[in-house]
Amino acid sequence: MSIDVSARAAEHSAGLDEPLAILDPSGARHANAVLDGQLSDVDETALTDLYVDMALARRVDQEAFALTRQGELVLWPPSLGQEAAQVGSGRALRETDFVFGSYREHALAVLRGVTFRELLAVWQGTTQSGWDPQAYRMATPQIIIGAQTLHATGYAMGLRMDGADDVAIAYLGDGAMSEGDVNEAMVFASTFRVPAVFFCQNNHYAISEPVRLQSASPLAARATGFGIPALRVDGNDVLAVLAATRIALQRARRGGGPTFIEAVTYRIGPHTTTDDPTRYRDDEEVAQWRGKDPIDRLERHLAQNGARVDQIREEAQVRCDQAARDLRTAVTTGEMPRAETIFDHVYTTPTVRISEQRAQHLAFEASIEGES
Amino acid sequence: MTETLPLGKAIGRALGDALAEDEKVVLLGEDIGKLGGVFRVTDGLQQQFGEARVIDSPLAESAIVGTAIGMAYRGYRPIVEIQFDGFMFPAFDQIVTQLARLHYRTAGRVRMPVTVRIPYGGHIGSVEHHAESPESYFAHTPGLRVVTCSSPQEAYSTMRAAIASDDPVIVFEPKAKYWGKGDVDTSVVRDLDTATVLTRGRDVTVACYGPTVQTALDAAVAASDEGIELEVIDLRSISPVDIDTVVDSVRRTGRLVVAHEAPAEASVSSEVVANVVERAFDALNAPPERVTGYDTPYPPSALEGHYLPSLDRILDAVDHVLGRRSSRSELALTGGAR
Ligand SMILES: Cc1ncc(C[n+]2csc(CCOP(=O)(O)OP(=O)(O)O)c2C)c(N)n1
């Protein structure tokens, strides 16, 4: 598919009325003029890989959720239901693209090779940044809503200045669309025509607040107002997400500027392990979305294509069980940082003030120990 | 009129009473309606007063404060909730460049009776940006009143006073204390200018506020076992800080310890110590001591127990101002600071 970068941005928008989709919940595949051209290389092996990736993402999420209930983690924002959005987009990236996520992009982190120990340390409360962002080309979790969209835009400005053909991708939620940072990021990205992708997972809620409270129009339609072309896709359809992200990445690499993707999906679980979603949404709505499950959908599609689903499921199961064991080991063998690490890295060179406080704290700890 | 309530519920009660008494009072914030706030402080208020007066806002803190300013122009008395301490910074611009200055800028023609509620402080074992103490940024800004509370009674009467104020008030709610119960008499009123003396004592003045007050009271009990009397002062008002009460106390005790969770540099304790030194230098028998969060970002929650002012750290500072053995004197002996 070729993209005319000189054409008006809005002409590249698609799906604003009805999200673009390839697979329906029954697993049947439908033709899609915008997306199909991106999927010619996706054979049964590729489909199987996507399936295993999603199964793995789900299992990691479930185990971490359980570990939080068992008191091993202080908090966990579950990603159940959003596997296709994360795996589909994550698999479209190349290694040198840079990911700026929020706090729910666990699948992205796993795909990038972040180890379980690194992934979970933040949620164990032992560190603020479990991994090296430069090593994995993925920033560590961002709690401040929307802040990462500016970082992605700035990174992309840097890419442009360097003449590189990598891309920065920012993940954000539907609620984040209301923040000033996100709107300012879109202004910059559009003005400077940077190689960035804004990937919005519209999971329908910002804690208790439904998406209609954030926006009277489809979220993707907002981007066009900034002059950013938008693609709105079925976020539970891994193929649609993969294809849309590929379009956005190609456009960015060719100098076509930013693209906004809205993946329409649903957060099946609570916002975090401290949330009680029964206060603000009904079971019926949740059940309806369970029927659109991204993993079941791909499984049905594989079956309809005559793939040996039993074998694929078994393969995924083996990988997931191993991951679950590894994850538990990572948590239980995670190290408790020493108290004085509080004072490390505040500055590249410690100030006198911080050195003094460090010494003071050590002396205090020693005096307490002497007493007991 | 007196009822036993957890601190968070006492604030909810104050909000409900204000909504009931004055139709110009409105609430605005993220998740405050249907969910009742992430801490359930506003629980039930939307059912009671409707969606027009208890407003779930879009996820945009600058807009929450900025629109509250507009409502105040129109004669409303908005009470806004910023969900957590770490999330007030997107609203910071509207608070310091607009809310704080409008009365001054318009030579008194415009009043800004806006209350900004911020659950703050540590010890809830959460992730980044959920445990901070940003009160100094506001105390440094003229035009704002900055207050906090340490008990359900104080919480109720502080919130009522804040809502009644025609000046903007930033209320720092000690979130770790939301569940601690106490008696609340809804007829008790307070001003927004004064500190309270919680325990009388002849040896050392301990000035503190918010979540640190209980720690200081515990320290007073522990110290009394050794025959040392602490005079614990709950500052309550962070800006303006009630220096008179602290100075009076220091004139009696001759010794001062100031404790809070925020880092020490350019903080409320800096202000208190500077004022006491200016006004009561002659009365001091020892240099004042500070027990605060360190001058580092708030650490990961696994380490917050080391970072926050603990009972032992307060007692250690008390020992030091009394010239008794403390880790600080030993440090001075070994010259170990650097
Ligand atoms: C600036 C800021 N304000 C408020 C919060 C509190 N908060 C955490 S997550 C959240 C909802 C975010 O919703 P959305 O952007 O849709 O992402 P989702 O959690 O659904 O993935 C809120 C309000 C925050 N983290 N940062």
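B:C208 is buried in this predicted model. Its relative accessibility is 0%. B:C208 takes part in no disulfide. The nearest cysteine sulfur belongs to B:C149 and is 13 Å away. Over all chains, the disulfide count is zero. A:C200 is also buried, with a relative accessible area of 0%.

**Nonpolar cores**

B:C208 is among the residues that B:L235 touches. Beyond four places in sequence, the contacts of B:L235 also include B:T194, B:A195, B:A207 and B:Y209. Further contacts of B:L235 include B:V241, B:V246, B:V268 and B:V272. B:L235 and B:I95 have the most contacts inside the largest nonpolar core, which has 155 residues. A second core is separate and has 25 residues. Among them are A:F98, A:A189, A:A223 and A:I228.

**Aromatic pairs**

The whole structure holds 23 aromatic pairs over all chains. Two of them are set out here.

| Pair | Centre to centre | Angle between planes | Class |
|---|---|---|---|
| A:F98 and A:F100 | 4.7 Å | 25 degrees | stacked |
| B:F138 and B:F172 | 5.8 Å | 55 degrees | tilted |

A:F98 and A:F100 are both buried. A:F98 also belongs to the second core. The A:F98 and A:F100 pair counts as stacked because its planes are 25 degrees apart, under the limit of 30 degrees.

B:F138 and B:F172 are likewise buried. B:F138 lies in helix α6 of chain B, residues 135–139. B:F172 lies in strand β7 of chain B, residues 169–174. The pair therefore ties together parts that are 34 residues apart in sequence. B:F138 and B:F172 also belong to a cluster linked by ring pairs.

**Charges over rings**

In chain A, the charged end of A:K292 sits over the ring of A:W289. The distance to the centre of that ring is 4.0 Å. In chain B, B:K24 lies over the face of B:Y76. Here the distance to the ring centre is 4.5 Å.

**Confidence in chain A**

Chain A has a mean pLDDT of 95. In this chain, 97% of residues reach 70 or more. Residues 1–7 of chain A stay under 50. For residues 1–7 of chain A, the model has 15 contacts beyond four places in sequence.

Methods
Residues numbered from 1 in each chain as written. Chains lettered and ligands numbered in written order. Predicted model: local features only at pLDDT ≥ 70, side-chain atom pairs only at ≥ 80, totals over all residues. Heavy atoms only, no water. Core = buried A, V, L, I, M, F, W, Y, C linked by side-chain atoms within 4.5 Å. Buried < 20%, exposed > 50% of the residue type's maximum accessible area, 1.4 Å probe, protein only. Contact = heavy atoms within 4.5 Å. Disulfide = S-S within 2.5 Å. pLDDT = per-residue confidence, 0-100. Phe/Tyr/Trp six-rings, centres within 6.5 Å; stacked < 30°, edge-to-face > 60°. Helix = DSSP H or I, 4+ residues; strand = E, 2+ residues; numbered from the N terminus. Lys NZ or Arg CZ within 6 Å of the ring centre and 35° of its normal.
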